[in-house]
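Here are my notes on this structure, point by point. Please read them with the coordinates open.

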Amino acid sequence: MTTTVRHTHQPKRWAKSLLGLAASLAFSATLQAEVNTTGLAVTDTTVKVGILHSVTGTMAISETGSVQAEMLAIEQINAMGGVLGRQIEYIQEDGASDWPTFAEKSKKLLVNDKVAAVFGCWTSASRKAVLPIFEQYNGMLYYPTFYEGLEQSPNVIYTGQEATQQIIAGIDWVVKNKGAKSFYLLGSDYIWPRTSNKIARKHIEKLGLSVVGEEYYPLGHTQFNSVINKIKLKKPDVIYAIVVGGSNVAFYKQLKAAGIDMTKEKPLVLTISVTEDEVLGIGGENMVGAYAAMKYFQSLPNDNNKAFVEAFKARWGKDTVIGDVTQAAYLGPWLWKAAVEKAGSFDIDKVRAASPGIELTTAPEGYVKIHPNHHLWSKTRIGHARADGQYDVVFETEQLIEPNPFPEGYQ
Amino acid sequence: MFAEYTTSELLSIFAMQGVAGLILFSVFVLMALGLAIIFGQMGVINMAHGEFMILGAYVTYLTSELFSAYLPDYFSSYFILAMILAFIAAGLLGALVEWLMLRHLYQRPLDTLLATWGLSLILQQAYRTIFGAREVGVTLPDWLMGSYPLTDTIELPINGLFVMCLALGISLTVGILMYRSRWGTQVRAVVQNRPMAGAVGINTARVDRLTFALGCGIAGVAGSAFTMIGSTGPTSGQLYIVDTFLVVVFGGAASLLGTIASAFTISQAQSTMEFFLSGSMSKVLTLLFVVFILMLRPQGLFSLKVRR
């Protein structure tokens, strides 16, 4: 599926004011050469970028929000006059929840379409699949998902949190405010939950507290009665849950049915994998009382976020919800725009050089800044799930947390 | 590993673990019955079984939305109606599929596998187009979502009990239909010898259509019941399909009793191991166990003794 969408054109006044056609051509040629020395798909009035997410297959559930956020950001940037006076045109490709397809489509975007940037990927597996392509053909990927860390590529800007940012603040909070002493770690069986729980375990043990259980269930597992019994037997203060996908729904419904009322906080449930998007499928009434640690919640009360939520709902319908990753995806085009304008060029190398230190004061999550390691400085918040599927933000870190994708002592 | 617990704690945990095993058993029976009827009686490998289940789940979702919008007073009892509607919807779709597609493929059993797999993709995309790519949240009446405290420490999940009763009811109904009704006699006759059954005046085409529709209808009911314990999304059916085939093949394809015995064996093995080991490891061991048994008994636990 390939769609090229061209947005509102704004004829350049300076072009009309030029006297002769020859002069105009000569001038635009030099201008063109300055901002684009490597043959990217940039004209005097437009610049092409790629959007690469799954809109079909299993992952479509999760990735739809990211696509919507990236389109919204691009439309807003175009309405403000575009990037370096050029309107952004996007080419959308479908990764189809299939990692080799992601690789193939990213190659197509970089080699055939010569896009100036790609906003896309969701799972770590898809990112790992496209990484060699982006490095070989020198592309720029803006990756929105919170993930396990242990990666830092010159060709990727990670707009979601890496694991330590999300995990450590959350655990510190339950220890300090809820007096938690023992933890039960639970996750789906793949790289992100396993790496995240490794970090969580190290941190819990550093604090001198105990991990009473650590378990993984295959992706798509739908029966959690046995592990719920085990949890009841071990009586941990906190269930630390990193279950994903359809399993999430099964886990929380069965937890409730087994008589564990999360509003009583005995045990308390802390998750890093359930955003507002996932609550839609789980049902707010089955999630109420749980805590989530991430950088963004739709209910954040700042003005940037109010404007963002309003624009998002106006564009995609009033019933849509916005989760952490959707917001991180929204940052991608804006961060890219800022870097291009700082560099005064679309050249990948110049954009990369300009990226560290780029700040965004208009981010819905408040304020973010790109670290030299290509991750974002960001705050971590704790949300308390309400019955209507939204979270109340009950805590946010005072300082921005430094991204640390290769945490020493945590591997 | 149990040293640190008191006897009463251990007892209650074992009781609850037993209940968990029984619930898993019921879930397996519900999943597999529809497939066992279709696979066992007709020899059709229905890869779209999971999607028929999810159709039932979506029907339940629609019914709950309708009730909360127009009949909020009766919301607590919508679930029963939803299951009946799920049965009818999945059964009708099954009959349609049989008429349009499968009846042309009865001589080519491997092609039914491809055709129904294609059907499952079509249905998934249809759900995605109609209901959206995201999972939908099915609001359940409160009486289904709690737990029943038997003692201080033993709590029985009500949805689990509900699934158990449903599995029992449906198994009995299917058993009676198969072995005590005229239609059941016809089905068994067709399974044993199709040309002969036709020769004695049984309308084999009609029997096939009804059998397929019944199998799909039961899948619909199962899907409806699973909204209590699982997710409802375009691809949720895929979560069940592997376990379903495992149960049916392990039990011996042509035997309903075998399906039930196999569901019991696998569920107890899995839930016991899940308690002592981790989730992924117990899944691996369960699959190894099934592979081992199937090497010894390729025809499954129970097999029908028929002269072919």
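1. Domain bounds are taken from an automatic or database domain assignment. For chain A that assignment gives domain 1 (3–161 + 303–377) and domain 2 (163–294 + 380–396). Their centres, taken over C-alpha atoms, are 33 Å apart.

2. A word on the basis. This is a predicted model, in which local features need pLDDT of at least 70 and side-chain atom pairs count only at pLDDT 80 or more, while totals for chains, interfaces and linings use all residues. Residues are numbered from 1 along each chain as its sequence is written, and chains are lettered from A and ligands numbered from 1 in the order in which they are written.

3. Domain 1 and domain 2 of chain A each put 14 residues into their contact. Two residues are in contact if their C-beta atoms, placed from the backbone, lie within 7 Å. On the domain 1 side, helix H3 (60–79) and helix H13 (324–343) of chain A each supply at least two residues. Helices (H or I, at least four residues) and strands (E, at least two) are DSSP runs, numbered from the N terminus. That side divides into six nonpolar, six polar and two charged residues. Here Ala, Val, Leu, Ile, Met, Phe, Trp, Tyr, Cys and Pro count as nonpolar, Asp, Glu, Lys and Arg as charged, and the others, Gly among them, as polar.

4. Now the sheet. Seven strands of chain A form an open, mixed sheet in the order S8-S7-S9-S10-S11-S15-S16. Strands S8 (210–217) and S16 of chain A are at the edges with a single partner strand each, so one side of each has no neighbour in the sheet. Two strands pair if DSSP finds at least two bridges between them.

5. Both pairing senses can be checked. S7 (182–188) and S9 (238–242) of chain A run parallel over five bridges, with Leu186(A) opposite Ala241(A) in S9(A). S15 (381–385) and S16 (391–396) of chain A are antiparallel, also over five bridges. There, Ile382(A) faces Phe395(A) in S16(A). The S15(A)–S16(A) hairpin has five residues between the strands, and Gly389(A) takes a positive phi near 95 degrees.

6. Finally, the chain interface. How many residues of chain B are in contact with chain A? The count is 38, against 33 residues of chain A. H1(B) gives the most to the chain B side, with seven residues. By class, that side has 17 nonpolar, 15 polar and six charged residues.
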